[in-house]
Amino acid sequence: MQAFQDSRARYLFEAVSCGSVRAAAEKLGIVPSAVSRQVSLLEEELGLALLERHRTGVVPTEAGQLILDYHRQQTAHQHDMLAKVDALRGLHSGSVSVVSGEGFAQELIDGPIRQFRLQHPGVSVSLEIYGTTEIMRRVREDEAEIGLVYYPPADSHITARGAARQPMHAIVHPQHPLADVPHTTLQALTQWPIALLQGVYGIRQLVEYAEQADKIRLSPALTSNLISVLISFVATNQGVTLLPPCAITTELAQDRVRAVAVNSTPFQQAEMQLITRTGRYLSPSANRFLQYCMQGMQAFHTGE
């Protein structure tokens, strides 16, 4: 049976994940020729081509995909082993890696992270902010232990450890004509300038689904990849936006903006989820942090 050096699989993995050898080298902090050399040595060891180079980047061959699957499995086994080692040490040291949408960051810091750090000061917490697709990928590929995401797509490799119904709302200025009405419609929102989230986000995907279901086409006056920009647009009374209230708890509490229910079935069925990779053995620190999230985040107790 042909042997090969496991460590070289990482260079193949990074080249495919980053889309190119150059991008992988930048991430790893080495020169591109070093990445190419390691992949070439791996190909020599196995006697098969592992990468195909296209104008848009590199993609794995069938043999390359087998090596990638092997690398992911080995990485997953390593994470599980380290989690079990952490269990022997207790909650006096270690770390928890969390990926989240922008709208959840402030509540995570004010609630679960604050309380967790008070009780377990020796455990560090990493919180990184991404869009829905990247959150799902990082959890699925064990780059993060826990994800907090809004309106995630179905994925057999992802398990929801907690879920809460969080309907999308129209977000308006306190002096806006809609500020005090009990509900509105997508059709009514076309009367005002609207700001929408752009990019690979569950929020934008949900808006597009609702547009199709309600046969409405929204023409945004402003698009941004930051929720904070949309909030500023509304807070300065320039128009409206669409967001779940759980993403703007601070602004609602300060009465900088108001949330108005929208009569749209897709909007009413949307959820936020606390996710982990299916089958992953979480460290005691990560398991405890999950509990803090479930207990300390308002959305998990007031979901509509």
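Predicted model: local features only at pLDDT ≥ 70, side-chain atom pairs only at ≥ 80, totals over all residues.
Modeller: Residues are numbered from 1 along each chain as its sequence is written, and side-chain values use heavy atoms, without hydrogens and water.

Colleague: Why is H1 called roughly perpendicular to H2?

Modeller: Helix H1 (residues 9–18) and helix H2 (residues 21–28) pack at about 115 degrees, with their axes 7 Å apart. Angles of 65 to 115 degrees count as roughly perpendicular, under 35 as roughly parallel, over 145 as roughly antiparallel and the rest as oblique; H1 is therefore roughly perpendicular to H2.

Colleague: Which residues make that contact?

Modeller: Contact means heavy atoms within 4.5 Å. Arg10, Tyr11, Glu14, Ala15 and Cys18 of H1 meet Ala23, Ala24, Lys27 and Leu28 of H2. By class, this contact has 6 nonpolar, no polar and 3 charged residues (Ala, Val, Leu, Ile, Met, Phe, Trp, Tyr, Cys and Pro count as nonpolar, Asp, Glu, Lys and Arg as charged, and the others, Gly among them, as polar).

Colleague: What makes H5 oblique to H12?

Modeller: The axes of H5 and helix H12 (residues 284–296) come within 9 Å and cross at roughly 135 degrees. That angle makes H5 oblique to H12. The contact of H5 with H12 comprises 7 nonpolar, 4 polar and 2 charged residues.

Colleague: What makes a space a cavity, and what makes it a pocket?

Modeller: On a 1 Å grid over the protein atoms alone, a cavity is a set of points where a 1.4 Å probe fits but cannot get out; a pocket is an open set with protein on both sides within 12 Å along at least five of seven lines, and lining residues have an atom within 4 Å of a point. The whole structure holds 1 cavity of 30 Å³ or more, and the largest cavity has a volume of about 140 Å³. Of its 19 lining residues, the closest to the centre are Gly101, Glu102, Tyr150, Tyr201 and Ile203. The lining of the largest cavity divides into 13 nonpolar, 5 polar and 1 charged.

Colleague: How is the lining of the largest pocket divided by class?

Modeller: The largest pocket holds about 420 Å³ of space, and its lining has 2 nonpolar, 6 polar and 10 charged residues. H4 gives the largest share of that lining, 6 residues.

Technical notes
Axes fitted to C-alpha atoms, helices over the stretch in contact; angles between N-to-C directions. Helix = DSSP H or I, 4+ residues; strand = E, 2+ residues; numbered from the N terminus. Points joined across faces, edges and corners; volume = space filled by probe spheres on them.
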